[in-house]
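Work through the exercises below with the sequence and the model open beside you, and try each task before reading its solution.

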Amino acid sequence: MSSLQRISWQPQLPVPDRLRRLVALALTSGRPVALWRLPNAEHARLCLCLNVDSAFAGLPPALEPTAPAGFAFFPFRDSDHNPPLFLPADLFFDLARPEEIQVSAAAAARLPELRQRFAALADAEALPWHVSRQPVPATATREEYEALVAAGVAAIETGTVRKVVSSRAVRQPLPAGFDALSAFEDLQTRYPNAFVSLVSAPGVGTWLGATPEVLAEVDEHHVFRTMALAGTQPLLPGMKPATARWAGKDLEEHAMVARYIVNCFKQLRLREYDEQGPRTVTAGQLLHLRTDFAVQLNEVPFPTLGTDMLRLLHPTPAVAGMPKQPALDFLRHHEGYDRAYYAGFLGPVNLPDAGVARLYVNLRCLQLRPQEAILYAGTGLTIDSEPAREWQETELKLRTIGAILA
Ligand SMILES: C=C(O[C@@H]1C=C(C(=O)O)C=C[C@H]1O)C(=O)O
């Protein structure tokens, strides 16, 4: 376990500039960096990793107090093109405590050099964000996307799958003067209850997002949590989430995710879970159906429940389908583009507190390129899906992250 040590740090710089310079410190030396703001938290945090090679993880992270502290960034599907990342924390900065940084033993040993490099950095406006080496993904036209939905419904009708989540990518030029750090700020203001993130790493590129979906969490009270989040409708003016009505299609699509989670618990032979819902929650301008699951880890003989559940859960039927393998096969053959880190997962593990991990599904996100952004959105299909409505739903979902490009 890499424990971090606190160091007093008071550069003569306003706090936002300290953050910008730390990001610059990482990017100008080709290193990965992650920034995030937890749901309903006031301040963002930063994790910087000094050794690029150590960031390429093989396995999903262990959600245990003795595991390394860092930030996980995993693709939808593990591949050479989209390697799973775990950024071990060499430097941790919390905007709630801007007068200190926390450093690993490796970073502590290099502190004089790091301070010097930090001081020598010019406050350049344009930061050298990492760019993915993969080609820009194919983007589906409305006709193509509706044909994909129709193919998905046909696969459900023939019984190949029961649910599949189709998705698409969209290219959008960056507005003049676009600044990723300002966009990260903007996302925090717009979506206080989302997990807001900005991750940049060599070979992976730069990703910005504001997701509503917890994949696996172990909190400070030793409670494991996950959720079924599926079923979508627009939040219209004057509408009260508590009285929203849901179509049978949404209820069914939601129930499949909830049942999948229960099955994961069953595979581990865990019976003592608490299940609450489904209830209606808001995510930006959208409403979703959500069921929350919780397990008090002190009360069950499953010390590795978080780790085991994470490995069973991803990718859930909220982003892939049911049954999992046929749904993934369908997507591989029909979706027509590489999701990369969209619908993967991300978040801090043991950072800053050992024993606390918060991983989210990477939704409502974009990939940043030098002149443009690639936005991603998907929709869960069931036998009752109508192609035009599913297209509309992707349009609505794209607006969440699209708002920062307006
Ligand atoms: C796939 C996405 O969202 C997922 C799919 C949902 C649905 O089909 O109703 C709702 C929430 C998410 O679990 C996305 O935002 O791209």
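The model is predicted, and local features need pLDDT of at least 70, side-chain atom pairs count only at pLDDT 80 or more, while totals for chains, interfaces and linings use all residues. Residues are numbered from 1 along each chain as its sequence is written.

**Exercise 1.** Describe how helix α4 and helix α9 pack against each other.

Solution. Begin with the geometry: α4 (residues 142-157) and α9 (residues 387-402) pack at about 120 degrees, their axes 9 Å apart, where helices are DSSP runs of H or I of at least four residues, strands are E runs of at least two, and both are numbered from the N terminus. The axes are lines fitted to C-alpha atoms over the stretch in contact, and angles run from 0 to 180 degrees between N-to-C directions. Therefore α4 is oblique to α9, since angles under 35 degrees count as roughly parallel, over 145 as roughly antiparallel, 65 to 115 as roughly perpendicular and the rest as oblique. Next, identify the residues: R142, Y145, E146, V149 and A150 in α4 meet P387, A388, E390, W391 and T394 in α9, contact being counted when C-beta atoms, placed from the backbone, lie within 7 Å. Finally, sort them by class: six are nonpolar, one is polar and three are charged, with Ala, Val, Leu, Ile, Met, Phe, Trp, Tyr, Cys and Pro taken as nonpolar, Asp, Glu, Lys and Arg as charged, and the others, Gly among them, as polar.

**Exercise 2.** Which residues come nearest to the ligand, and which elements give two or more residues to the shell around the ligand?

Solution. Of the 17 residues around the ligand, T232, A318, L363, G378 and G380 come nearest, a residue being near if its C-beta atom, placed from the backbone, lies within 6 Å. The elements that give two or more residues are β8 (163-173), β12 (223-234) and β19 (372-381). By class, the shell has seven nonpolar, seven polar and three charged residues.

Definitions and conventions
Contact = placed C-beta atoms within 7 Å.
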